[in-house]
Amino acid sequence: MSVDKYLEKWNRRHQEAEDEGSPAQVLIRNLHLLPASGKALDLACGRGANALLLAERGLDTHAWDFSTVGIRRLQQTAAQRGLFISTEVRDVLARPPAADSFDVILVSFFLERRLIPHLVQALRPGGRLFYQTFVQDVCLDRGPSSPGWRLANNELLHLFRQLDVHYYREDGRAATVQTEISDLALLVASKRRN
């Protein structure tokens, strides 16, 4: 799919959505691991459910997405809630976050393996990464159809092996009951302070 068609698809999806969506399970389940203050990035933020929650928690929140519609919807919701979120329409592959620029980075349902080293570098010492996306093992009839856009078994742990892991969950085929995270890998990890 061309970049223009991909952007058109996401703009249409964000336009048709009824609300801002739900915050990521990796964030909801690990709010106690958020710092009390600092600069946070919701990368590939969509309509911004995660950015809104980060801002409500008192973090200096930034939200980037390549969809103009998603960013506009986030701006409207943030204004209605009286929250300030620094938003930007941004191609994160062409312009990844700068080194040592964030205390928290959240990525949900966006997998671009070439971006991983940039995310690690963008964390400040002690900075925390919250990451979740789909795995190949289980399919609950949602998410990308291409296995290339899904993680292999324990791949998320391997991709961020240089970080200190605080939380990891990947139920995969071990789950006897399907839940909202059965087809996901969830990770919270910190950059070493040296």
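Me: Which residues touch the most other members of the largest nonpolar core?
Reply: This is a predicted model, in which local features need pLDDT of at least 70, side-chain atom pairs count only at pLDDT 80 or more, and totals for chains, interfaces and linings use all residues. Residues are numbered from 1 along each chain as its sequence is written, and side-chain values use heavy atoms, without hydrogens and water. A nonpolar core joins buried (under 20% relative accessible area, 1.4 Å probe, protein chains only) Ala, Val, Leu, Ile, Met, Phe, Trp, Tyr and Cys residues through side-chain atoms within 4.5 Å. Of the 25 residues in the largest one, those touching the most other members are Leu43, Ile105, Leu119, Leu129, Tyr131 and Phe160.

Me: Which element gives the most residues to this core?
Reply: Elements are DSSP runs numbered from the N terminus: helices (H or I, at least four residues) and strands (E, at least two). Those giving two or more residues include β1 (39–43), β4 (102–108), α5 (116–122) and β5 (123–134). With four residues, the element that gives the most is α5.

Me: What is the angle between the planes of Trp64 and Phe102?
Reply: Aromatic rings (Phe, Tyr and the six-membered ring of Trp) pair with centres within 6.5 Å; planes under 30 degrees apart are stacked, over 60 edge-to-face, the rest tilted. Trp64 and Phe102 form an edge-to-face pair at 5.9 Å centre to centre, with a plane angle of 80 degrees.

Me: How many residues apart in sequence are the parts that Tyr131 and Phe160 tie together?
Reply: Tyr131 and Phe160 form a tilted pair, 5.5 Å centre to centre. Tyr131 is in strand β5 and Phe160 in the loop between α6 and β6 (164–169), so the pair ties together parts whose separation in residues is 29.

Notes: Buried means under 20% relative accessible area, exposed over 50%, partly exposed in between (1.4 Å probe, protein chains only).
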